Amino acid sequence: MSKGIAVRAAGRTLPGFGLSMGYSVLYLSLVVLIPLTALLFNSTGLTWGTMLEVASNPRVLASFRVSFLTAGIAALIDLFLGLLLAWVLVRYNFPGKRLFDAVIDLPFALPTAVAGVALTAIYAGNGWIGQIFEPLGIKLAYSQAGITLALMFIGIPFVVRTVQPVLEELEAEVEEAAATLGAGRWRIFRTILLPDLIPPLLTGFALAFARGIGEYGSVVFISGNMPMKTEIAPLLIMSKLEQFDYAGATAVALLLLLISFILLLIINTLQRWSRKAGRV
């Protein structure tokens, strides 16, 4: 009898799994599942005809294209910049390292509206950086380039903070052993470091990409909000709500949610596959 109880206890994942799982599901439901379910059921007169009409609207398609294109480009750039910053913070010691490390988290704490105003002031035609590029015919503010810069700003901490712990756990002795055997720096990085870095890099990319798709405050000022050119999907939702077009706003929100979920599912699948490939 006691042996059977011991076997069942040993088969459990963690002590108190049922209670902890119940609390996890409860909080997940309150924070994520119930609000999303309310969005689905609170259709405010939304029909399939309205859904198809909104989905085929050129302005909606243009706003989706701007949102996903700029978020994707910003996340890709953050992927390389974040790896570089994490590498510098982990592998080198220099004066002001702690201050440099703290500044990376600034986009987390800074209100997005403040970030938008600051970025607009810098990249506008009369700003510190904008006035350098404006005579060259390169318009940063009030363009898709400005939106990309804003999304890079708010997305870079996700990549750095995801990659940094993995770099800290990698054993330098393995790299030194490979170097003594004649391996070059690029080969060491490609064969020893990169397989362990791919999963956190994909995670950081997914987080930065997801944040960029739904970002509003830091983009609304620098984008210029020009329909068919620099209007993002979250701003279009706000515009429809201000016009009391609740069905249209709900349709755009549902489409944005569906596309974002599919893309994140693909990224998470690639991340899981890369982890399994790294263990082989």
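Q: Over which residues does pLDDT stay under 50, and how many contacts beyond four places in sequence does the model have for them?
A: This is a predicted model, and its pLDDT stays under 50 over residues 5–11. For that stretch the model has zero contacts beyond four places in sequence.

Q: Which helix has the lowest confidence, and which the highest?
A: Helix H1, residues 2–11, is lowest with a mean of 48, while H4 is highest at 93.

Q: And what does the protein chain average?
A: The average pLDDT is 82, and 84% of the residues score at least 70.

Q: OK, switching to the fold. How many helices and strands are there?
A: The protein chain has 14 helices and zero strands.

Q: How many of the contacts with a separation of 6 or more come from residues 24 or more positions apart?
A: Those pairs make up 77% of them.

Q: What about burial: what share of the residues counts as buried?
A: Of the 280 residues, 35% do.

Q: How many residues are in the largest nonpolar core, and which have the most contacts inside it?
A: There are 54 residues in that core. Phe64, Leu151, Val163, Leu197, Phe209, Val252 and Leu256 have the most contacts inside it.

Q: Which helices each supply at least two residues of this core?
A: H3, H4, H7, H9, H11, H12, H13 and H14 each do. The largest share, eleven residues, comes from H4.

Q: Let's zoom in on Leu197. What is it in contact with, leaving aside neighbours within four places in sequence?
A: Leu197 meets Leu83, Val163, Val166, Leu167, Leu170 and Phe189.

Q: Where is Thr162, and what does it touch beyond four places in sequence?
A: Thr162 is found in helix H9. Its partners at that range are Pro200, Thr203, Gly204 and Leu207.

Q: Is Thr162 buried or exposed?
A: Thr162 is buried, because its relative accessible area is 18% and the cut-off for buried is under 20%.

Q: Now Asp101. Which helix is that in, and why does Asp101 count as partly exposed?
A: Asp101 is in helix H5, residues 97–104. Its relative accessibility is 24%, so Asp101 falls in the partly exposed class, between the 20% and 50% limits.

Q: What does Asp101 touch, not counting residues up to four places away in sequence?
A: Asp101 touches Leu89, Arg161 and Gln164.

Q: And what separates the C-alpha atoms of Asp101 and Ala86?
A: They are separated by 9.2 Å, with the two residues 15 apart along the chain.

Technical notes. Residues numbered from 1 in each chain as written. Predicted model: local features only at pLDDT ≥ 70, side-chain atom pairs only at ≥ 80, totals over all residues. Heavy atoms only, no water. Core = buried A, V, L, I, M, F, W, Y, C linked by side-chain atoms within 4.5 Å. Buried < 20%, exposed > 50% of the residue type's maximum accessible area, 1.4 Å probe, protein only. Contact = heavy atoms within 4.5 Å. pLDDT = per-residue confidence, 0-100.
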